[in-house]
Amino acid sequence: YQVALGDGLFKEKRERILNFARAYDQRRYLVLFNNVAGRPNPPGVTVPGGWEDGGLLSGHWTGHFMSMLAQAHISTGEPIFTDKLFWMVDELGACQDALAGTTVHPGYLGAKPEDVVLRAGPPRFAVYGGDQNTNTWAPWYVQHKIMRGFLDTYYLTGDERALEIVV
């Protein structure tokens, strides 16, 4: 943690991504998780789009964003990053809690229903592709990114709730 960027391209790029993180509405990353968990979304809040549009890679940007917020917290100390991050942890934990006792495996949390993730293994092997009903596309990568976001949160901020959710 004793590295500082001098003036130049790397510092400029870092400031751009920090400005993005400060301004971005983190509630957008929760829309699909809330949908899977049967929780309401705030009016007017939409999914981020792109690979987070409800397709088969949905959820992984959430993990990336959490990792970015945790890293921004440790490098700047600005409360805006932990405010957003801890809100996301709490809301994702509420999604996981809402799924408890349903037909999913204990602890499941995702932006897609669990059966989409399980298609990757026996007895439900699926070919890669874009058909939401029969295909899969890197589901373990998506789950890994979500888990990494919680782990980065725990390791860089000490947030016990993040560790509890990922475990």
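Leu-18, Ala-21, Arg-22 and Ala-23 of helix α1 meet Ile-80, Phe-81 and Lys-84 of helix α4. Sorted by class, this contact of α1 with α4 holds five nonpolar, no polar and two charged residues. The model is predicted.

**Helix α1 against helix α4**

- The axes of α1 and α4 cross at roughly 50° and come within 9 Å of each other.
- This angle makes α1 oblique to α4.
- The crossing in which α1 passes α4 is left-handed.

**Helix α3 on its own**

- Helix α3 covers residues 60-76.
- The 17 residues of α3, at 1.5 Å a residue, should span 24 Å, and this agrees with the 24 Å that separates its end C-alpha atoms.
- The buried residues in α3 are His-60, Thr-62, Gly-63, Phe-65, Met-66, Ser-67, Met-68, Leu-69, Ala-70 and Ala-72.
- These buried residues pack against α1 (9-23), α2 (31-37), α4 (79-99) and α6.

**Helix α3 against helix α4**

- Where α3 and α4 cross, the angle is roughly 145° and the axes come within 8 Å.
- The crossing of α3 and α4 is left-handed.
- From α3, the contact is made by Thr-62, Phe-65, Met-66, Leu-69, Ala-70, Ala-72, His-73 and Thr-76; from α4, by Phe-81, Thr-82, Lys-84, Leu-85, Met-88, Val-89 and Leu-92.
- The residues of this contact of α3 with α4 comprise 10 nonpolar, four polar and one charged.
- Phe-81 and Lys-84 of α4 take part in this contact with α3, and Phe-81 and Lys-84 also meet α1.

**Helix α3 against helix α6**

- Two packed helices are described by the angle between their axes and the distance between the axes.
- For α3 and α6 (residues 139-157), the angle is about 15° and the axes are 7 Å apart.
- The two helices α3 and α6 are therefore roughly parallel to each other.
- In this pair too, α3 passes α6 in a left-handed crossing.
- On the α3 side, the residues that meet α6 are His-60, Gly-63, His-64, Met-66, Ser-67, Ala-70, Gln-71, His-73 and Ile-74.
- On the α6 side, they are Tyr-141, Val-142, Lys-145, Ile-146, Arg-148, Gly-149, Phe-150, Asp-152, Thr-153, Leu-156 and Thr-157.
- The contact of α3 with α6 contains eight nonpolar, nine polar and three charged residues.

**Helix α6 on its own**

- At 1.5 Å a residue, the 19 residues of α6 should span 27 Å, which agrees with end C-alpha atoms that are 27 Å apart.
- Pro-139, Val-142, Gln-143, Lys-145, Ile-146, Gly-149, Phe-150, Asp-152, Thr-153 and Leu-156 are the buried residues in α6.
- The cover over these buried residues of α6 includes α2, α3, α4, α5 (114-118) and α7 (160-166).

**Individual residues**

- Gln-71 lies in helix α3, and Gln-71 is partly exposed, with a relative accessible area of 44%.
- Neighbours within four places in sequence aside, Gln-71 is in contact with Asp-152 and Leu-156; Asp-152 and Leu-156 are both among the buried residues of α6.
- Gln-71 and Tyr-29 are 42 residues apart along the chain, and their C-alpha atoms are separated by 18 Å.
- Gln-143 lies in helix α6; with a relative accessible area of 12%, Gln-143 is under the 20% limit and therefore counts as buried.
- Not counting residues up to four places away in sequence, Gln-143 touches Tyr-108, Leu-109, Gly-110 and Val-117.
- Ala-138 is found in the loop between α5 and α6.
- Although Ala-138 is not a glycine, it has a positive phi of about 55°.
- The relative accessible area of Ala-138 is 23%, and Ala-138 is partly exposed.

Terms used: Residues numbered from 1 in each chain as written. Predicted model: local features only at pLDDT ≥ 70, side-chain atom pairs only at ≥ 80, totals over all residues. Heavy atoms only, no water. Axes fitted to C-alpha atoms, helices over the stretch in contact; angles between N-to-C directions. Helix = DSSP H or I, 4+ residues; strand = E, 2+ residues; numbered from the N terminus. Parallel < 35°, antiparallel > 145°, perpendicular 65-115°, else oblique. Left-handed = near helix turned anticlockwise from the far one by under 90°. Contact = heavy atoms within 4.5 Å. Nonpolar A, V, L, I, M, F, W, Y, C, P; charged D, E, K, R; others polar. Expected span 1.5 Å × (residues − 1). Buried < 20%, exposed > 50% of the residue type's maximum accessible area, 1.4 Å probe, protein only.
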